[in-house]
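Me: I've got a structure to get through today. Can you walk me through it?

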Amino acid sequence: MRSPQQGLLLGEWACLGIIYPAPTHGFAVARLLAPAGPLGGIWTVPRPRVYRAIADLAARDLIAPMGEEAGTRGPSRTIYDVTPVGRRLLEEWL
């Protein structure tokens, strides 16, 4: 397991950057980075990799769950927000 001080993978930076402005769930992040999504046209991250990146960011305390939202066709979706450490790292990286 990498510490917060160690570099993130590009997919992790992308997910952190998407969650940074406003809390959201993994499905929304994956939709933005899908080939037909607004960011996916520039750089695509496969859905399984998005969910893995979110799990890794949470394990490193760079994002944290802050609630749930009912899914439209499936289980509830966990809403994540960037932690203060995650905000600092992203701001330094940018």
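This is a predicted model: local features need pLDDT of at least 70, side-chain atom pairs count only at pLDDT 80 or more; totals for chains, interfaces and linings use all residues.

Me: Okay, what does Val50 touch, not counting residues up to four places away in sequence?

Reply: Val50 touches Cys15, Gly26, Val29, Ala30, Leu33 and Val45.

Me: And how many residues are in the largest nonpolar core?

Reply: That core has 21 residues. Val50 is among those with the most contacts inside it, along with Leu16, Val29, Leu33 and Ile63. Helices 1, 2, 3 and 4 and strand 3 each supply at least two of the core residues. The largest share, 6 residues, comes from helix 1.

Me: Why would nonpolar side chains be together like that?

Reply: In soluble globular proteins, they tend to be buried together.

Me: Which residues of helix 2 are buried?

Reply: Gly26, Ala28, Val29, Ala30 and Leu33. Their cover includes helix 1, strand 1, helix 3 and strand 3.

Me: New topic. How many aromatic pairs are there in the whole structure?

Reply: The search finds 1. Trp13 and Trp93 are stacked, 4.4 Å centre to centre, with 5° between the planes. The two are 80 residues apart in the chain, with Trp13 in helix 1 and Trp93 in helix 4.

Me: Is Trp13 buried or exposed?

Reply: Buried. Its relative accessible area is 11%, and the cut-off for buried is under 20%. Trp93 has 46%, so it counts as partly exposed.

Me: Now charges. How many salt bridges does the search find?

Reply: It finds 5. One joins the side chains of Arg60 and Glu12, at 4.0 Å from N to O. That pair links distant parts of the chain, 48 residues apart. Arg60 and Glu12 are both buried.

Me: What does Arg87 do with its charged end?

Reply: The charged end of Arg87 sits over the ring of Tyr20, 4.8 Å from the ring's centre. The Arg87 side chain also meets Asp81 in a salt bridge, at 3.4 Å from N to O.

Me: Last one. Where is Thr83?

Reply: Thr83 is in the loop between strand 3 and helix 4. With a relative accessible area of 14%, Thr83 is buried. Leaving aside neighbours within four places in sequence, Thr83 is in contact with Asp61, Leu62, Ile63 and Ala64.

Definitions and conventions:
Residues are numbered from 1 along each chain as its sequence is written. Side-chain values use heavy atoms; hydrogens and water are left out. A nonpolar core is a set of buried Ala, Val, Leu, Ile, Met, Phe, Trp, Tyr and Cys residues joined through side-chain atoms within 4.5 Å. Buried means under 20% relative accessible area, exposed over 50%, partly exposed in between (1.4 Å probe, protein chains only). Helices (H or I, at least four residues) and strands (E, at least two) are DSSP runs, numbered from the N terminus. Contact means heavy atoms within 4.5 Å. Rings of Phe, Tyr and Trp (its six-membered ring) pair if their centres lie within 6.5 Å; planes under 30 degrees apart count as stacked, over 60 as edge-to-face and the rest as tilted. A charge sits over a ring if NZ of Lys or CZ of Arg is within 6 Å of the ring centre and within 35 degrees of the ring normal.
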